[in-house]
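User: I am new to reading protein structures and would like to go through this one slowly, one question at a time. Please show it first.

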Amino acid sequence: MSKPPSRSIFRPSGKIDSSILQADPKLLYEIDRRKVIRGAVSLGALSFLTGCNVSEVDQVQSALRAVSTWNDLAQSVIFRPNHLAPTYPESRVVKPPRFNAHYNIEDVQPVDVNGWKLELSGLIADKRPWRASDIYALPEQEMIIKHICIEGWDYIGQWSGVNLKTFLERIGADLSAKYVAFKCADDYTESLDMASALHPQTMLATKYAKELMADPFGFPLRLRTATKIGFKNAKWITALEVTNNRPQTYYEKEGFNWFSGM
Amino acid sequence: MGINSVTTMSPGVGAKLRRMHPLPIRIMHWVNAVAMFIMIGSGWKIYNDEVIFGWLHFPEFLTIGKWAQHGLQWHFLGMWIIFFNGLAYLTYGFATGRFRRMLLPIAWRDVVATIKDSLRLKLSHDDETKYNAVQKLLYIGVLLAGVMIVLSGMAIWKPVQFSELYFLFGDFQTARLIHFFCMAAIVGFVIVHIALAILVPKTLVAMVAGGPIVSDADQSGARHMNETGNHP
């Protein structure tokens, strides 16, 4: 003798309307409950494991770039604004400096200094462009520092030019802005956080080993800072912008860390 | 049987009983294993971009990341895991006395005897809760290499911000070389470590399940206890 099942509070009191089962029998037949569950579970697992929207092309890459952005923050926290990088005696200066770019030295397009000028934009009071001769007339700073490439090699170089903070003050830049961005004659782009831009060992360099620098090394104007990895030191600069919204830089787009401090 | 036998088997009143590998150790061990896998594979990718030795390029299929920048992305992720997990491990090891209990003392004649036994292929491992003298030396050695690889890595990562540390290594390329040799030592350890874990599978099981129950108070490390405390 079997007991009738106890009545569930979810059980409808009347008869179930089964008309919908007749409405589209083909569609009903195609629904496979196991496939639905399997699909839902794997979609959930994928989202859970990667922490990303599955519609993204490469979830791993976007996760790694999120870590890289976090590393930018970590580096700005440990940055010591007035802590000086090691300097070296003149006897250890390597001449000529080591060339590096994302192309070969033979493919360098020299900049014609007569037509060249440095354009200024963004949060700057005096945006008049600068000719090379005007930049040469500015007070000069010299530093003998190590250039360390992200690849792992290094050399000691002797650079002269105008201290970037001095220059930014001269043009009336807003020093409370977040970034100083650079554009280069070879379409390279780079940018610095303001703290690194204002570091005493950051300059707009014009000379190497006391002479005007040669074409492959950034003539007539390049960035040289002792607190950043080599590739951050933009060569053949044509434009400088002070901004709170920096565009992505050349190597950042490739997947290198933006801050790349030393 | 019963109370009496338990008492005679007990290491002493008030002594704490625990697994040979307590849960925190097991978690830290496997977190470290994953992080080391990431660090070594991505490190080899970074190395290949500018080799130290002309004759040595790591096979690409053993490296992590498509290009050097992806190797760097992985390395700069793994470093946080290695650093904080390592810090937790060292703190735990010193604070609980695990290092002192498991890794000390080391008698030189035991080292010699163990090496002789090993060469005669006598890999007796009747009590896996007690490390032999060579194991102790190797574990201490790999811990030192681990500390050194993190310090040299920090000097390479931030030679200006951590210039005080950087100066201890003297030069950028020296720090790089030390970082490389620490990697080589650790990889050598890992190969032996994995080979022995496969040869003596109960050690691998112990690092997952915890292993035999041992007593804290027992300096020699290895008084086995029946889990229920009942002995015939």
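User: Is B:K45 buried or exposed?
Analyst: This is a predicted model in which local features need pLDDT of at least 70 and side-chain atom pairs count only at pLDDT 80 or more, while totals for chains, interfaces and linings use all residues. Residues are numbered from 1 along each chain as its sequence is written, chains are lettered from A and ligands numbered from 1 in the order in which they are written, and side-chain values use heavy atoms, leaving out hydrogens and water. Buried means under 20% relative accessible area, exposed over 50%, and partly exposed in between (1.4 Å probe, protein chains only). At 5% relative accessibility, B:K45 therefore counts as buried.

User: Which residue forms a salt bridge with B:K45?
Analyst: A salt bridge is a side-chain nitrogen of Lys or Arg within 4 Å of a carboxyl oxygen of Asp or Glu. For B:K45, the closest N and O atoms of the pair are 2.5 Å apart, and the partner is B:E60.

User: How many residues apart in sequence are the parts that B:E60 and B:K45 tie together?
Analyst: B:K45 belongs to helix α2 of chain B, whereas B:E60 sits in the loop between α2 and α3 (68-95). Helices (H or I, at least four residues) and strands (E, at least two) are DSSP runs, numbered from the N terminus.

User: Which residue pairs with A:K232 in a salt bridge, and is A:K232 buried or exposed?
Analyst: A:K232 has a relative accessible area of 0%, so A:K232 is buried. The N to O distance between the two side chains is 2.7 Å, and the partner of A:K232 is A:E190.

User: How many salt bridges does a search of the whole structure find?
Analyst: One of them joins the side chains of A:E119 and A:K117 (3.7 Å, N to O), where A:E119 is partly exposed at 37% relative accessible area and A:K117 is partly exposed at 39%. Over all chains, the number of salt bridges found is 12.

User: Which side chain of opposite charge is nearest to B:K158?
Analyst: B:K158 lies in the loop between α6 (133-157) and α7 (163-169) of chain B, and although buried, B:K158 has no salt bridge. For charges, Lys and Arg count as positive and Asp and Glu as negative, with His and the chain ends not counted. At a distance of 8.9 Å from B:K158, the nearest side chain of opposite charge is A:D72.

User: With which side chain does B:K158 make a polar contact?
Analyst: A polar contact is a pair of N or O atoms within 3.5 Å; within protein, one must be able to donate a hydrogen and the other to accept it, and residues adjacent in sequence count only if both atoms are side-chain atoms. The side chain of B:K158 makes such a contact at 2.9 Å, and its partner is the side chain of A:Q75.

User: Which helix gives the largest share of the nonpolar patch?
Analyst: The patch on the surface is formed by B:L23, B:I27, B:V31 and B:I81, with about 310 Å² of accessible area together. One of these residues, B:I27, is partly exposed, with a relative accessible area of 47%. Patches are made of residues with over 30% relative accessible area and no salt bridge, like charges being joined within 9 Å and nonpolar side chains (Val, Leu, Ile, Met, Phe, Trp, Tyr) within 5 Å, and areas come from the Shrake-Rupley method with a 1.4 Å probe, only the protein chains shown counting as cover for residues. The largest share, 3 residues, comes from chain B's helix α2.
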